[in-house]
Amino acid sequence: MEPPRYYQQPNMNAQFNPYPMQSFYQPVHYPGLRTISVILQVFAILVFAASLVGAIVILSTHFISWTTGLVVLLVGIVNALILLAISELIKVFADISISTRATLNHFLEVTLRKTQEENKQ
C-alpha cells in the first residue's frame, strides 16, 4: 500500500510541486534564505578554525596561562554552534513555509473538488 501523498518528501532539486494539482499559490524556494544559511555555515566553520588556531597559539606560548587558551577554544566552539543552530533554524522555517503552502494547496484543491461535485448534483 502506498503511503499518503503528504508523507512523501518532495524533490527539492526539481520545480517544487509535490502534488499533481492546480496550484492556487505559486511554488516558492526561498533562495535568499538558503544562501544566508550556507553563508552562516561557512562563518561557523571559520570561527571554529580561528578559535582552534588561536587556542593552539596561546597554548604554545609560555607567557599566557593554559586556561586562556581553553577559554578561547570554548568560546569559539560555542559561537560556531550558535551560528550553525541559526543556520539550521533558517532552513527549518523555510521548509515549514514550503510544506504549509503545499498543504494549503492540497486542502484548497480537495475543497474545490468537493464543492464542484456538490454543485453537479
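Q: What makes Glu 109 and Arg 113 a salt bridge?
A: A salt bridge needs a side-chain nitrogen of Lys or Arg within 4 Å of a carboxyl oxygen of Asp or Glu. The closest N and O atoms of Glu 109 and Arg 113 are 2.9 Å apart, so the pair meets the rule. This is a predicted model, where local features need pLDDT of at least 70, side-chain atom pairs count only at pLDDT 80 or more, and totals for chains, interfaces and linings use all residues. Residues are numbered from 1 along each chain as its sequence is written, and side-chain values use heavy atoms, with hydrogens and water left out.

Q: Why are Glu 109 and Arg 113 about one helical turn apart?
A: They are four residues apart in helix α2. An α-helix has 3.6 residues a turn, so residues three or four places apart point the same way.

Q: How do you know whether Glu 109 is buried or exposed?
A: Buried means under 20% relative accessible area, exposed means over 50%, and partly exposed lies in between (1.4 Å probe, protein chains only). Glu 109 has 13%, so the residue counts as buried.

Q: What makes Asp 95 and Arg 34 a salt bridge?
A: Their closest N and O atoms are 2.5 Å apart, so the distance passes the salt-bridge rule. This pair links distant parts of the chain: Asp 95 is in helix α2 and Arg 34 in helix α1, 61 residues apart. Asp 95, at 37%, is partly exposed. Arg 34, at 25%, is partly exposed too.

Q: How do you know whether Ala 94 is buried or exposed?
A: Its relative accessible area is 3%, so Ala 94 is buried. Contact means heavy atoms within 4.5 Å. Leaving aside neighbours within four places in sequence, Ala 94 is in contact with Tyr 30, Leu 33 and Arg 34. Ala 94 and Tyr 30 are 64 residues apart in sequence, yet 6.8 Å apart in space, C-alpha to C-alpha.

Q: How do you know whether Leu 81 is buried or exposed?
A: Leu 81 has 54% relative accessibility, so this residue counts as exposed. Leu 81 lies in helix α2.

Methods. Helices (H or I, at least four residues) and strands (E, at least two) are DSSP runs, numbered from the N terminus.
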